[in-house]
Amino acid sequence: MRQTIVRDVSDLPTFGFGPRSGPWWGAMGFMALEGMGFAIAVGAYLYLYAINASWPIGASPPDLWPGTVEVVLYLLSIIPNEYTNRAAYRYDLPKVRLGLIVMSLIGIALLVLRGFEFAHLNTRWDNSAYGSIVWLILGLHTTHLATDLGDTVVLAVLMFTRHAKPRRFSDVTDNVFYWNFVVLAWLPLYVLLDWVPRL
Amino acid sequence: MSMAAEKNQLRDDVLNGFQLSQQLERIWRTPSGLPGALMSVDHKVVGRRYIVTAFVFLLLGGILAVLMRIQLAGPENTFLSADKYNQIFTMHGSTMMFLFAVPVMEAFAVYLVPLMVGTRNIAFPRLNAFSYWMFLFGGCFLWISFALNVGPDVGWFAYVPLSSLQYTPTKRPDVWAQMITFTEVAALAVAVEIIVTVFKQRAPGMTLDRIPLFVWAMLVTAFLVMFAMPSIMVASTSLILDRLVNTRFYDSSSGGHPLLWQHLFWFFGHPEVYIIFIPGTGMVSAILATFARRPVVGYPVVILSLIATGFLSFGLWVHHMFVTGLPQLGAGLFTASSMLIAVPSGLQIFCWLATLWDGRPVYRTPLLFVLGFIVIFVLGGLSGVMVASVPIDTQVHDTYFVVAHFHYVLIGGAVFPLIGAVYYWFPKITGRMLSERLGRWNFWLAFIGFNIAFFPMHILGLIGMPRRVYTYTADMDWAHLNLLSSGGALIFALSFALLLINVVYSARKGTLAGDNPWNASTLEWATASPPPPQNFDRIPVVKHRDPLWADGESLPVVAGLSAERREVLLTSLAEAEPQVREASPEPSIWPLLAAIATTIFFIGSIFTPWAVLWGTPPMAIALIGWFWPTGSKEDEA
């Protein structure tokens with residue numbers, strides 16, 4: 001077919017931030033489907049809660065402190081996360097490196113705390129359906145935490161190599177964006193796991 | 001930033017014609033040889049593999065169907081043992097749903113959507129390659145297990161408690177459950193790719209109300225996949241956990257409940273029907289417009305119907321559970337919503353009829369299959385409205401009436417449009433036309449064979465023949481209708497043999513197609529058949545809903561993209577205004593390695609929970625390899 005050039009796009013940038021970039025939408029997509037996974041797991045929890053006369057089944061509720069400390073740490077982590085975000089938008093490599101290191105350390109701390117939380121659930125996965133669903137939900141969120149931590153560590157290392165090109169700052173902001181999802185997902189799960197058994 | 005270096009880059013505005021084609025082909029082509037084939041990230045290569053693989057599974061699933069029909073052709077037949085029969089009907093359903101129907105629709109989307117929206121590759125091409133490998137490995141896992149006599153035998157829905165360790169102590173249900181995980185990972189990956197491709201990679205000017213109806217259908221389907229499939233993944237994971245590490249999700253003695261399984265399964269399982277049917281409607285709209293020689297009547301009505309169907313499909317799942325003793329109010333609500341979904345489907349059908357009525361239809365094979373679709377699907381829809389009603393459902397539940405109903409809906413609603421789509425897009429994919437003469441034979445054998453095979457099942461169901469029985473006694477009076485049905489099944493199978501012959505023959509000897517053999521209106525026909533690796537030498541600019549009908553002989557295009565590295569044009573979500581020239585990943589072996597690592601992890605974890613520990617590091621390494629920049633032009637921009 002004959003072609004008529006009606007427009008020139010050579011002045012456009014070769015990467016974008018946020019909704020202008022492809023990976024940002026990819027992250028959105030994965031958050032949507034993972035969020036749906038959480039919603040389904042929460043639905044299963046509430047279904048089991050509704051059909052059982054006693055809840056938690058044959059166990060005392062989880063100890064409050066690990067989950068609560070996590071909530072505090074998650075909420076505080078938004079500050080360095082946002083710091084990293086702003087530094088990335090300004091292409092400020094030293095500050096981005098610092099931000100990613102801090103976020104990696106926070107991720108590791110949360111993973112350690114998560115270990116304590118499993119230990120203080122006061123039930124095993126094979127005790128009852130209650131134990132099963134609690135372990136499933138916590139396991140699901142831990143997978144998210146660990147995946148994002150892995151992503152952050154790899155990105156942190158990458159920003160110390162020759163590959164720290166301008167377009168990588170866009171990747172950093174996507175990583176920041178995804179971390180907010182991990183934080184946001186935890187808040188309702190915390191209420192569900194730690195407080196619903198106390199109702 | 002490196003804008004200065006950028007200025008010296010070779011761009012497509014300084015090259016023209018053959019020179020431009022050649023240059024773009026060089027950077028976009030899949031490397032040759034076996035390593036190249038394993039590294040390919042071209043959506044057309046992956047899409048073609050996806051389509052062929054899905055059709056191989058159709059063939060396998062179809063052979064199982066024929067075996068079942070031979071067994072049921074007469075009373076007290078001993079052709080298949082009860083155990084074999086259980087495996088075979090489970091394998092048939094699982095193969096058709098998870099390895100054929102959903103993947104084949106996604107496969108067509110993988111191939112066609114980037115072409116139809118006017119871009120050079122799908123979004124996240126490596127994820128796309130990974131998705132294909134996962135699908136292939138999951139399918140092989142199921143079929144190799146079957147060959148080793150570990151084929152699942154608990155139905156395609158694997159209800160607990162039958163599928164629990166207590167009642168099925170073999171690995172058969174685990175094979176089923178993990179095959180689900182494989183195929184859902186593959187499907188979810190494609191869903192994200194399609195959504196991002198449609199949202200961000202549309203050709204400039206392709207505003208939301210200029211998106212082809214097929215692409216709209218695939219977009220809605222992708223959203224359904226995204227919100228339905230997590231449910232089955234939670235289900236299959238929890239089933240494996242119950243069987244492997246003694247969790248108690250479905251154990252009623254420890255607070256679990258078998259109905260939880262049914263809720264999780266059908267919350268996915270009902271949208272699944274629409275995940276198969278909605279792409280079918282997209283194919284129908286594309287084919288109808290071309291062969292009725294006019295745009296589909298009521299473009300906004302069709303789109304709103306698709307979206308409405310998508311939403312409503314999440315509110316129907318409980319109608320699969322009417323006989324489980326639900327509260328009456330709940331049953332009433334789900335009856336109402338099940339009947340409601342007939343409204344948007346009906347609207348679409350009226351739009352198609354109006355298109356035919358107002359157009360100048362050319363009755364080529366693709367259109368014949370669409371007409372067959374309309375007849376069969378309407379019949380299936382009618383029996384659907386019947387079983388939406390609780391008293392009728394209670395009467396015919398688990399009988400052949402339901403088998404008849406869902407084959408009318410699924411084969412009518414998806415397979416007929418799909419075969420029409422094969423005839424319609426085969427010239428684009430291979431460059432050659434399928435034989436029209438064989439096509440007509442194919443259609444009439446399929447249409448007649450299908451109805452002879454499945455219509456009698458309505459009656460068999462009404463006179464009480466239950467599903468999933470491997471034989472029956474002569475005094476039940478089911479023999480004649482079963483024999484008739486089996487005869488029809490053979491005719492139907494013959495029609496697929498004809499299709500296969502047609503495809504094999506025409507791929508070599510068919511008439512050359514040219515760019516646009518049907519004089520169709522959408523962008524995939526604006527490039528060569530088969531399309532070159534770069535799809536388009538220049539990205540089209542869209543000014544009309546039917547660009548090739550509106551623009552006549554000259555296609556408006558943009559210039560200024562790189563001719564040195566793989567680059568796609570990103571545009572804004574609603575208005576499709578150009579925003580970014582983004583790099584598109586080059587071929588890589590890592591998606592295959594990641595899929596192999598994931599396969600080892602998945603298969604290992606039905607045998608031991610420790611697979612989670614030793615299976616994770618290889619996956620992590622593969623993913624790091626996948627994302628780590630190689631210093632290519634694509635990485636460094």
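**View 1. The loop between α6 and α7 of chain B.** B:Ala158 lies in the loop between α6 (125-147) and α7 of chain B, where helices (H or I, at least four residues) and strands (E, at least two) are DSSP runs, numbered from the N terminus. This is a predicted model, in which local features need pLDDT of at least 70 and side-chain atom pairs count only at pLDDT 80 or more, while totals for chains, interfaces and linings use all residues. Residues are numbered from 1 along each chain as its sequence is written, and chains are lettered from A and ligands numbered from 1 in the order in which they are written. Although B:Ala158 is not a glycine, its phi is positive, about 45°. B:Ala158 counts as buried because it has 24 C-beta neighbours inside 10 Å; a residue is buried if 20 or more other C-beta atoms lie within 10 Å of its own, exposed if 12 or fewer, and partly exposed in between, with C-beta atoms placed from the backbone. The loop between α6 and α7 of chain B also holds B:Pro161, which is joined to B:Val160 by a cis peptide bond with omega of about 5°.

View 2. B:Arg293 lies in the loop between α9 and α10 (299-312) of chain B, and its phi, near 55°, is a positive value in a residue other than glycine. B:Arg293 is partly exposed, because 15 other C-beta atoms lie within 10 Å.

**View 3. B:Leu188 and its surroundings.** B:Leu188 is found in helix α7 of chain B and is buried, with 26 other C-beta atoms within 10 Å. Not counting residues up to four places away in sequence, B:Leu188 touches A:Leu33, B:Val225, B:Met226 and B:Met229, where two residues are in contact if their C-beta atoms, placed from the backbone, lie within 7 Å. B:Leu188 and B:Ala222 are 34 residues apart in sequence, and their C-alpha atoms are 8.0 Å apart in space.

**View 4. The contact between chains A and B.** The contact takes 47 residues from chain A and 58 residues from chain B. Among the elements of chain B that each supply at least two residues of the side touching chain A are α7 (172-200), α9 (258-291) and α20 (611-627), while α8(B) gives the most, with seven residues. Strand β1 (residues 2-8) of chain A pairs with β1(B) in the parallel sense over six bridges, two strands being paired if DSSP finds at least two bridges between them. Within this pairing, A:Gln3 stands opposite B:Leu555 in β1(B).

View 5. A:Pro56 lies in the loop between α1 (22-51) and α2 of chain A, and a cis peptide bond with omega of about 0° joins it to A:Trp55. Among the buried residues of α2(A) are A:Tyr74, A:Ser77, A:Asn81 and A:Thr84, and the buried residues of this helix pack against α3 (93-119) and α5 (166-195) of chain A. α2(A) is followed by A:Tyr91, whose phi is positive, near 55°.

**View 6. Confidence in the model.** The mean pLDDT of chain B is 94, and 99% of its residues reach 70 or more, pLDDT being the predictor's confidence in each residue, from 0 to 100. Over residues 1-5 of chain B, pLDDT stays under 50, and the model has one contact beyond four places in sequence for them. The model scores ipTM 0.96 and pTM 0.96.
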